[in-house]
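Me: I'd like to walk through this model with you, going from the sheet to the helices and then to a few single residues. Could you set out the terms as we go along?
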Amino acid sequence: MSNAITIRRAEAHEVPQILAFIRDLAEYERLRHECVATEERLRESLFGPRAHAEVVFACLNDEPVGFALFFHNYSTFLAQPGLFLEDLFVRPEARGHGVGKLLLQWLARTAIERGCGRLEWNVLDWNEPAIGFYRKLGARPMDEWTTFRVTGRELQTLASAPTPADIGRDRGT
């Protein structure tokens, strides 16, 4: 890989390419069965009236070989926004050439330009190549934190559970 890698923002017409990267990542992470994203949902959530996340591509000769999907979060302890990297994936043939590092450097610069106090992401505990790569860049695991998640039926159940106000209403109060 002798040509320079460039980083650029994804555009709405590239939603099929974004979905292809997401599916490749899901396959790599052994989670393809959980990947139910569609082009329509991505188009709405990434490029609709209220964009919930952003995507950049790492390109070689104008051809995307890696991508990062990220969004803003907020740290109450810092009283500053942060960037959360949801997905980073580099195609196997482009690995080992600095593509991932360039994507993370771009994200770090973007975080600083936007006044963010941190850049965070998750990594699967079995993904030793990624863990080693991130440690080399100076990232440290947050071992004292455990990520919790509510999805699907459990999310619906939690959302529809009666609240004290609902219970009082049912009793005519």
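Reply: Let me begin with pairing, where two strands count as paired if DSSP finds at least two bridges between them, and with the elements themselves, which are DSSP runs numbered from the N terminus, helices being H or I with at least four residues and strands E with at least two. This is a predicted model, in which local features need pLDDT of at least 70 and side-chain atom pairs count only at pLDDT 80 or more, whereas totals for chains, interfaces and linings use all residues. Residues are numbered from 1 along each chain as its sequence is written, and side-chain values use heavy atoms, with hydrogens and water left out.

Me: OK, which residue in β4 is the bridge partner of Phe67?
Reply: The partner of Phe67 in β4 is Phe89. Elsewhere between these strands, Gly66 stands opposite Val90 of β4, and His72 stands opposite Leu83, again in β4.

Me: In which sense do β3 and β4 pair, and over how many bridges?
Reply: They are antiparallel, and the pairing extends over ten bridges. The hairpin that they form has four residues between the strands, and Ala79 there takes a positive phi near 55°.

Me: Which strands run parallel, then?
Reply: β4 and β5 do, and three bridges join them; in that pairing Leu85 has Trp121 of β5 as its bridge partner. By contrast, β2 and β3 run antiparallel and are joined by seven bridges, with Val56 standing opposite Ala68 in β3. The hairpin of β2 and β3 has two residues between the strands, and Asn61 takes a positive phi near 55° in it.

Me: Is β4 mostly covered or mostly open?
Reply: β4 is mostly covered, since eight of its eleven residues are buried, where buried means under 20% relative accessible area, exposed over 50%, and partly exposed in between, with a 1.4 Å probe and protein chains only. Over the chain, buried residues make up 30% of the 173 residues.

Me: Switching to α1, what does it pack against?
Reply: Its buried residues pack against α2 (39–47), β2 (54–60), β3 (63–75) and β4 (80–90), with contact meaning heavy atoms within 4.5 Å.

Me: Which residues of α1 are the buried ones?
Reply: They are Val15, Ile18, Leu19, Phe21, Ile22, Leu25 and Ala26. They cover an arc of only 160° around the axis, which puts them on the same side of α1; the arc is that of the directions from the helix axis to the C-beta atoms.

Me: How far does α1 reach from its first C-alpha to its last?
Reply: Helix α1 covers residues 15–28, so 14 residues, and reaches 20 Å, close to the 20 Å expected at 1.5 Å a residue, the expected span being 1.5 Å times one less than the number of residues.

Me: What comes just after α1?
Reply: Arg30 does, with a positive phi of about 60°, in the loop between α1 and α2. At 57% relative accessibility Arg30 counts as exposed. Ala79 likewise is not a glycine and has a positive phi, of about 55°; Ala79 is in the loop between β3 and β4, and is exposed at a relative accessible area of 52%.

Me: And Lys136, where does that lie?
Reply: Lys136 lies in helix α4, which spans residues 128–136, and is exposed with a relative accessible area of 75%. The C-alpha atoms of Lys136 and Thr146, ten residues apart along the chain, are separated by 23 Å.

Me: Last one: how many helices and strands are there in the chain, and what does the C-alpha trace span?
Reply: There are six helices and five strands, running β-α-α-β-β-β-α-β-α-α-α from the N terminus on. Along its principal axes the C-alpha trace spans about 75 × 35 × 35 Å.
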